[in-house]
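Please have the structure open while reading.

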Amino acid sequence: MEYVIILVVLLKSHPIFSFFVLFGGGLVGLAVMALTNRGKFVAFGAAFIFTVYFGSLFMGHFVSNYLLEQYGERGEAMMVDISPTADSYNDQVVLRYDVMIQSPNRQPLSTHCLSSDFNIVHPESSNHYVYPGTGVKFNVWFLPEYPRAFTIIANDDSAYSQGLRRGKEAKEINRLTNQLKMDPQNTDLIEKLNQAQERQKNNK
């Protein structure tokens, strides 16, 4: 399973590499099918190759995150440096995060990830990714044999996860406060604001 995870991470992290691997392997496969008089499978093979390629680009992080959560080793990590790259994604500069990972029975490992890797496990992270800042500890699932294959846990008791919850609660309190400015007699909003403030107090 480790090799499957490594392959998925490589394909999603290196689009050009994955294109040439799948394209080259696909050409060989299609040539073999054509030479062995299995022409009816050529179209199916071509469709499968392109499906895998585009699937790895857009869905690869979901697959790798799930596999790491199921088969990876748990460790503690920290971002030690953040720097911009020359690439962009959705008109945003892709950032490189230099990371150190440590687990109880291993020496610290140095690796990195990109903001375009989307390697965060959280039920609410499908369309919104907030990476840890430098010096903030967080937990991960990772492969010791290939530490580039790691995924960040965003809903546990780490300092990073607690910071996410505090940020979410502060945003909710701000939203409810603004709503009450327009509707100050709304008891439902008042109750929700009190509950949000209580949660914020308990999470400090």
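## Aspartate 156

The model is predicted. Aspartate 156 lies in the loop that runs between β6 (150-153) and α4 (159-182). Is this aspartate 156 buried or exposed? Aspartate 156 has a relative accessible area of 14%, and because the cut-off for buried is under 20%, aspartate 156 counts as buried.

Another, of 3.0 Å, is with the side chain of serine 158. When neighbours within four places in sequence are set aside, aspartate 156 is in contact with Arg74, Asn139, Ser161 and Arg165.

## Helix α4

The 24 residues of α4 should span 34 Å at 1.5 Å a residue. The C-alpha atoms at the ends of α4 are 35 Å apart, which agrees.

Which residues of α4 are buried? They are Tyr160, Ser161, Glu169, Ile173, Leu176 and Leu180. The cover over these buried residues includes β4 (120-121), β5 (137-142), β6 and α5 (187-202). An α-helix has 3.6 residues a turn, so residues three or four places apart point the same way.

## The sheet

Six strands make up an open sheet with mixed pairing, in the order β3-β2-β1-β5-β6-β4. At the edges are β3 (109-114) and β4, each of which pairs on one side only.

Strands β1 (residues 73-89) and β2 (residues 92-102) run antiparallel and are joined by 10 bridges. Proline 84 has leucine 95, in β2, as its bridge partner.

Key. Residues numbered from 1 in each chain as written. Predicted model: local features only at pLDDT ≥ 70, side-chain atom pairs only at ≥ 80, totals over all residues. Heavy atoms only, no water. Helix = DSSP H or I, 4+ residues; strand = E, 2+ residues; numbered from the N terminus. Buried < 20%, exposed > 50% of the residue type's maximum accessible area, 1.4 Å probe, protein only. Polar contact = N/O pair within 3.5 Å; in protein donor to acceptor, adjacent residues only side chain to side chain. Contact = heavy atoms within 4.5 Å. Expected span 1.5 Å × (residues − 1). Pairing = 2+ DSSP bridges.
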